[in-house]
Amino acid sequence: MRKTSILVICVSQALKMIIPSYSLIEVEGSESTLSRRVNEHIERYIRLVLEDPSNVEAVALKLLNDEEAMLLLASKMIDSIRRESEVSWRSYLGFLGTVEEKFRDAGIDVSEALEVVVEHDEWKLRSLMEDLSKYVEVMAAFFVNYRDEAERYLVVSFALLLLLVSSLKAETPRQLRAIGEELARLANELESYLVTFMLMEENYKVEGEFEPARSPEELSKVLGLE
Amino acid sequence: MSEQFKHEALVENRFKKSFRNIDSEHKKLIFEKMKRLLNNEIQGEYLKGPYKGLKKVRVGKYRIIYSDHEPCRVIFYDVRPRESAYT
């Protein structure tokens, strides 16, 4: 493979690290030609997830390798940042509220998973808006030094997004339960990435000064609970 | 004599400092979670990349960062608020 091709692939992969996957979500009342194209394009992936929610990671991988979808998503991200981000964010939270309500009505609790997803997306949006260079530095460092994990992160975040969108189209409680189980599992994994990125952003280092405890009483004393 | 943990706890100063600023209800929950980790009753999940030796576990609105890769020892590094606006 020519060097330029490798470079293009690396840039394209790295760009996916930066794209907030929630840019796929349609903002209420702002449907544009671009949004319609994105929705039409991802419809086939949603159908695949609904057929078998446990296959969501493979579907996310397919989506990540779909160059046209990635181009549309990148354009949509730029578009949503260009427009009023606060309005977009509120609409996104509204979308998640609808998702949670649908699960709740079926007796399924996905609140923990949704909290993690929001925390991740909120961190990503805040980093993008407040300190873009630091954010890009963290993502690039992770992408360059931990390529396998970076690719896994992409699969996890896009799989979660596909599950969220699919949940609204699920027709049976069984389908919804299977989606809920995948949501919980992948949100837990997403959280590991989120905490890692947060620590990287602040250049977290172990201090090295410890106090030991071997019993509840000693631990209580160390923590100042007594 | 009081009951001993299965593992020894090492609590970093940063953890102690963060813990001091937490409300009493969450302090209790965190203390209970630490006891369960020290008795090997639960396991957190590994972080990634440069922090892959560390683990995280959720406790209500907080998250404990710790490691258990040394035999018979659990090192508590920090306890941080989760930053989710979605409740």
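Mentor: We shall take the overall pattern, then helices, the sheet and the contact between the chains. This is a predicted model, in which local features need pLDDT of at least 70 and side-chain atom pairs count only at pLDDT 80 or more, while totals for chains, interfaces and linings use all residues. Residues are numbered from 1 along each chain as its sequence is written, and chains are lettered from A and ligands numbered from 1 in the order in which they are written.

Trainee: How many helices and strands are there in chain A?

Mentor: Helices (H or I, at least four residues) and strands (E, at least two) are DSSP runs, numbered from the N terminus. Chain A holds ten helices and one strand, and its pattern along the sequence is α-α-α-α-α-α-α-α-α-β-α.

Trainee: What share of the residues in chain A is buried?

Mentor: A residue is buried if 20 or more other C-beta atoms, placed from the backbone, lie within 10 Å of its own, exposed if 12 or fewer, and partly exposed in between. Of the 226 residues in chain A, 38% are buried. In α6(A), the buried residues include Ala113(A), Val117(A), His120(A) and Ser127(A).

Trainee: What span does α6(A) reach from its first C-alpha to its last?

Mentor: The expected span is 1.5 Å times one less than the number of residues. With 20 residues, α6(A) reaches 28 Å, close to the 28 Å expected.

Trainee: At what angle do α8 and α9 of chain A pack?

Mentor: Two packed helices are described by the angle between their axes and the distance between the axes. Axes are lines fitted to C-alpha atoms, for helices over the stretch in contact, and angles run from 0 to 180 degrees between N-to-C directions. Helix α8 (residues 147-169) and helix α9 (residues 173-201) of chain A pack at about 150 degrees, with axes 9 Å apart. Residues are in contact if their C-beta atoms, placed from the backbone, lie within 7 Å. Among those that meet are Leu160(A) and Leu163(A) in α8(A), and Leu183(A) and Leu186(A) in α9(A).

Trainee: Which strands form the sheet, and in what order?

Mentor: Strands of a sheet pair through backbone hydrogen bonds, either parallel or antiparallel. Two strands count as paired if DSSP finds at least two bridges between them. Here six strands form an open sheet of mixed pairing, in the order β1(A)-β1(B)-β5(B)-β4(B)-β3(B)-β2(B). The edges are β1 of chain A and β2 (45-46) of chain B, each with a single partner strand, so one side of each is left without a neighbour in the sheet.

Trainee: In which sense does β1(B) pair with β1 of chain A, and in which with β5(B)?

Mentor: Strand β1 (residues 210-213) of chain A pairs with β1(B) in the antiparallel sense over four bridges. Here Glu211(A) has Val11(B) as its bridge partner, and Pro212(A) stands opposite Leu10(B). With β5 (residues 73-81) of chain B, β1(B) pairs in the parallel sense over four bridges, and Glu8(B) is partnered by Arg73(B). Four of the five residues of β1(B) are buried. Helix α1 (residues 13-20) of chain B lies across β1 and β5 of chain B, at about 40 degrees to β5(B).

Trainee: How many residues does each chain give to the contact?

Mentor: Chain A gives 36 residues and chain B gives 34. On the side of chain A, α9(A) gives the most, with eight residues.

Note on methods. Contact = placed C-beta atoms within 7 Å.
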